[in-house]
Amino acid sequence: MTVLALAGVTRVHGDGETAVHALKGVSLQVGEGELVAVMGPSGSGKSTLLNLAGGLDRPTSGAVHVDGRDLATVRDLAALRRRSVGYVFQDLNLITSLTAAENVMLPRELDGVRSRRARAEAMAVLTEIGAESLADRFPDELSGGQRQRVAIARALVGERRLLLADEPTGALDTPTGDEILRLLAARCAAGASVLLVTHEPRYAAWADRVVFLRDGVIADATDVPMASAR
Amino acid sequence: MSALTAALRLSRRGVWQARGRSALIMLMIGLPVLVITGLLVAYATSTLSPEEGIGSRLGTADAALVQLPPGTTVQEGPQGGSWSSGGDSPRPPAEPAEITALLGAGTRLTPFATGSIRLPSGLVTALETDLSDPLTRGILTLGEGRLPGAGEVAVTPALGLRPGDLLRPAGGPPLKVSGIVDHPHQPTIRQVAGPDLPLETSRGLSALTTEGPGWLADTPRPVTWDDVTALNKLGLSVSSRSLLLSRPYRPGLLWNTPATIGVAVAVIMAILVPVLLAGPAFAVGLRRRRRELAEIAAQGGSAGHLRLIVLADGLVLGGLAALTATGLGIAGGLVAVPVIARWGGQIGPPDIPWGELLPIAAVGLFIGVVAALVPALQAGRQHTATVLAGRAPATARRAWPLTWSLIGAALVLGGLAASVAARRQSELVWPFVASLPILLGLVALTPFLVWFAGRIAPRLRVPLRVAVRDAVRNRSRTVSAVAAVLAVTALAVAVGIATESQRRDYRDSFTSARPTGSLAIWGGTMPDPTWAKLRAEAARRLPGVKLATGYHVHDAEGRRYAMRYTTRWNGVRVSRTAAVGDQDLLRFLQGRDDPAAAAALASGKAVVFDAANVRDGKITLRASVANHPDRRIEVPAVVATPADDHQGGALLPRAFLEQAGFTTTPRALYGVRAPAFDDPLWGALGKVTNRVTVTVEPGPQEGSGPVWLWVWLGAAVILVVGGTFAATRLAAADMRPDLAALLAIGASPWTLRAVVAGQTLFIAGLGAAVGLAAGAVTGIALSRPMTTHGTGDPATIALPWPFLITLVVGLPLLVSALALITRARPVLVRRPA
Amino acid sequence: MSIRHGLLALLSRGPRHGYQLRVEFEASTGATWPLNVGQVYTTLARMERDGLVEPGETDDQGRVVYAMTDAGRAEMERWFTTPVVPSDRPRDELVIKLAMAVEAKEVEVAEVIRRQRTATMRTLQQLTRAKRDSAEGAARLLVLDSMIFQAEAEQRWLDHCEAVLKEAR
């Protein structure tokens, strides 16, 4: 089953002579339990792709479907991000004034779930990824890797199956980065879908499928989904 | 020195780079400077020095002479004047020849009478003089038309008349408007001038030496004090040009008695509040520049250099703010004066009191440096390697500083004790002095208060929780904003309570012996037929009005007695004269039928409205008569309720007085109707006899309180709104990454706004709540000396609820609402670096 | 690096026979260096000749168990204490191929790079999968990491080539 589908998506920033064509007709599908990595140099349109996939941005043309729903018809994109899509960024991730557990609770609470239940759900996710001991610490008391773990937990809490990760390993050393990818791969094995944007081959290689983005178009892909081997 | 140059250059660049934040800091430093500068300029411009004002008083004359009423003597000297009335030998009015003889040959006099005329629209001040006489030049200037001749009049624009219109004053023939004239300093004055006016002069004490017939004098030599003494003997009050100009002039009502409040408010507001408001801005700036400073340290900058760089920020911003604010304040003050004058103020030549403005501008600069002081000290302490490594600086172990909190608590307790003690002082300044330790103590306690209030965070909904947590964690920013709101609120509350108490006390002090809106016609000594004519004329002029009759009391020798007693009203001794009359007068005084009181009156008892004066069923009166000692009379009495709250007095039954050997004659009429200003009644009764006084009971007048105090309060509100808003914008800018993360998680834009608004609410709400408590203490302490008049007068303490609620509830909600509708703009789409 | 040094390192844990040595060698190098059992015995024979190992008893299946001599231990220590010097330039076919592609006519260099990059990524994915699935010791993981880093370097070099050629065009 396809969780995320981009069909002929283009995105132009600005107009006239200063128009920047960030994406020029990209089609991409992410299946259930699949980890897809998008690789490309700076300015190749990676982040635009991710922003479009989560509804942080709207395509100039083309369609984005999440869980079979066309985002063009979705009015409350914020609710979509609370319920269907989770984001993990390299930085600007955790709210500094909330504890780890409170950060993970946040999407659920924003969605109207009562604090007690949200906390229970948050603890469940944190336990799943082995971060329950971090629950009551504030972000600036956590290491970079621990922060990303909490961010992943926050992206997964609730019923969300699609995780969009933008350079989640950017500020980390390679063993810690490998740990984060191991965690993402494990979540995929457990049924989640991950779209990972990175410019580092070693992390892209964790993906079932790697898509090369060059100047707003998909240049190539390691097409045979390795997932079929599973 | 070169280090300072480099620091100033860095600051200049930094100020330009962070334009938004710099503007906010400048706003917070500049606002009080601007407000105070504007007020001072407006005040200096709207007040007139003797030189500025003399033209409108004397024209080009050397002296103005006012004839006092017969029987009044006056003595004017360098130390002021004194006058007394009721002299034994009334002298005839002064003759021009007498005056010319006194002032020397060559003296020229032109008649110049001041007073008012009664128009359909009300009383209007009037000058009866020949405006074409060169001596009057400068008193009124002709705007259009021509100067009035015989049977004509010139009017000011406020009367809304055109040349050619007719003016119909009471008691005189209609006058034709010949021209429009302007008063040089009071654009809204309602005044008429002409050579022949039916002038009325109010001969109350306040107007004794300013209203009445008189002359303008052109003398060959300056008028001296010796001349004044001689003229006084002729019954003339003198305003001499040379003497007025030689009198030392002290400008600035701002520096005298009721303004001790103003000075205290100004000092506290002008220094404490901006420091508190600008402090967090510098702190945020420091956080932004931490890395830059660390790099400078890595290049060999010492801690002293880093401090200098941050202080230079304060110097640059404080200097710029002071300069801009002074400029804008002067311009604003000058622009505001004509606007204020349109509401009834006066306007003089533009006046810029540099002597006061320069220290205030210097205070602005000083504020900038002081506000940058704490961040500068922090900058000097920062650990370069930690900052360069991008690690967060170590946070304090305790969420609130113990020592400061203890000092704060001690100061608050000391201030409370001092306030209790200051309450007993009569000087206003002591409660203010006592309020300072409370205020400073609360400022020192604010970190603890913020921490304590922040403990509710886990129980709040998400946006508020994020807001409160962020506010508590960013203590340096929050604390000073809260403290600033606290200080401003406390001052506003204190001044508000004191003002309201004073206003209430003023209103409560009004008392009268007659109901509001009633008419009284008092006859003097007159033969009975005259009274009968007067009575008939009044009845004719007041058709359908039930007139109650009052009586004069005489003894067997025909001496007229007044039945007086003294009562206490709102703590002040008031002398009352008991009315004498029957049931109809009782009904008039009570405004209704009161069978119990009526029965008591019928049985010969006095009906008394001042309950405290009836002891053991009796009231003691002093029967007084001119040139004889008073007699004490005890009258059986009952207490009754009058028509109005403010009413007092007593009514004696005629029967009792006649039994006591007096005779009573009807000489007063009372009716429940206030005739209009232009009612022919005024003139008609005067034509019957001049021994009649007609008066309308206006009822209590609403005092609006000192205008300047309200202006201060307005400024306080601007400061709270401006300051809170500025602090919140800073917080919002600081929270931008958090807001972007919230957005990515799926928070709606309204949630983001709610976070920002929540922080505003926390800051303003906490500050206002604590400020209310602090201000109430000072306000109540202030109310006592402001509302007691001598021993035994209880203090009036009135809480201006609408004002307090607006300030403490409305204002935080207002600034939160402002924050809610202002776009919190997070980075919507993150661009790759 | 030679097989003999690897075998010496394994023998430092205790006497082993040839087959055992081969299995352990492959396990710790992650099957990246397949050894023929004949090569093992040949190498052991040469080492015995050089006095680095000595044959011991024969086990119940008739296999000779070898143990390390003092000379062997010294040789092993010398090996571990000497840093590896990159000998001569690797005659990497890919490098030669790309260089020739740039020089040659009628060859789309970008296409060559693209194909190679996808292939390298597949290799990288396989290595990563191997790493993910391997539960065994650290030595094997480090060997896999080494190959991952090499493949990554190749990938980066290909990206670099692409960018440079794009600029040149």
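This is a tour of a predicted model, chain by chain and then across the contacts between chains.

Residues are numbered from 1 along each chain as its sequence is written, and chains are lettered from A and ligands numbered from 1 in the order in which they are written. Because the model is predicted, local features need pLDDT of at least 70 and side-chain atom pairs count only at pLDDT 80 or more, while totals for chains, interfaces and linings use all residues.

**Stop 1**

Helices (H or I, at least four residues) and strands (E, at least two) are DSSP runs, numbered from the N terminus. Of the 230 residues in chain A, 53% are buried. Buried means that 20 or more other C-beta atoms lie within 10 Å of the residue's own; exposed means 12 or fewer, partly exposed is in between, and the C-beta atoms are placed from the backbone.

Now select chain B, which has 24 helices and 23 strands. Here 44% of 833 residues count as buried. Two residues are in contact if their C-beta atoms, placed from the backbone, lie within 7 Å. Among chain B contacts between residues at least 6 apart in sequence, 82% join residues at least 24 apart; for chain A the corresponding share is 69%.

**Stop 1: the four-stranded sheet of chain A**

Select β1, β2, β4 and β5 of chain A. They form an open sheet with the order β2-β1-β4-β5 and antiparallel pairing; two strands pair if DSSP finds at least two bridges between them. β2 (20–31) and β5 (69–70) are at the edges with a single partner strand each, so one side of each has no neighbour in the sheet. Helix α1 (residues 46–53) of chain A packs on this sheet and touches β1 (2–13), β2 and β4. The direction of α1 makes about 125° with that of β1(A), where axes are lines fitted to C-alpha atoms, for helices over the stretch in contact, and angles run from 0 to 180 degrees between N-to-C directions.

Move to β4 (residues 61–66) of chain A, which pairs with β5(A) in the antiparallel sense over two bridges. In that pair, A:Val66 stands opposite A:Arg69.

**Stop 2: strand β3 of chain A**

Select residues 35–39 of chain A. Five of the five residues of β3 are buried. In a regular strand the side chains alternate between the two faces of the sheet. Which residues lie on each side of β3(A)? A:Leu35, A:Ala37 and A:Met39 are on one side, and A:Val36 and A:Val38 on the other.

Show the partners next. β8 (residues 193–198) of chain A pairs with β3(A) in the parallel sense over five bridges, and A:Met39 stands opposite A:Thr198. β9(A) also pairs with β3(A) in the parallel sense, over four bridges, with A:Val38 opposite A:Val211.

**Stop 3: helix α3 of chain A**

Select residues 100–110 of chain A. How many residues of α3 are buried? The count is 11 of 11, and it includes A:Glu102, A:Arg108 and A:Glu109. The buried residues pack against α2 (77–83), α4 (115–128) and α5 (144–156) of chain A, together with α14, α22 and α23 of chain B. Just after the helix, A:Gly112 takes a positive phi of about 95°.

**Stop 4: the nonpolar cores**

A nonpolar core is a set of buried Ala, Val, Leu, Ile, Met, Phe, Trp, Tyr and Cys residues joined through C-beta atoms within 7 Å. In the largest, of 218 residues, A:Val104, A:Leu196 and B:Ala487 touch the most other members. Helix α23 (residues 749–787) of chain B gives the most to this core, with 19 residues. Apart from this core lies another of 44 residues, including B:Leu519 and B:Ala637.

Centre on A:Leu196. Beyond its neighbours within four places in sequence, A:Leu196 is in contact with residues including A:Leu35, A:Val36, A:Ala37 and A:Val38.

**Stop 5: contacts between chains**

Show chains A and B together: 21 residues of chain B are in contact with 24 residues of chain A. On the chain B side, α14 (462–473) and α22 (736–745) give two or more residues each, and α22(B) gives the most, with seven.
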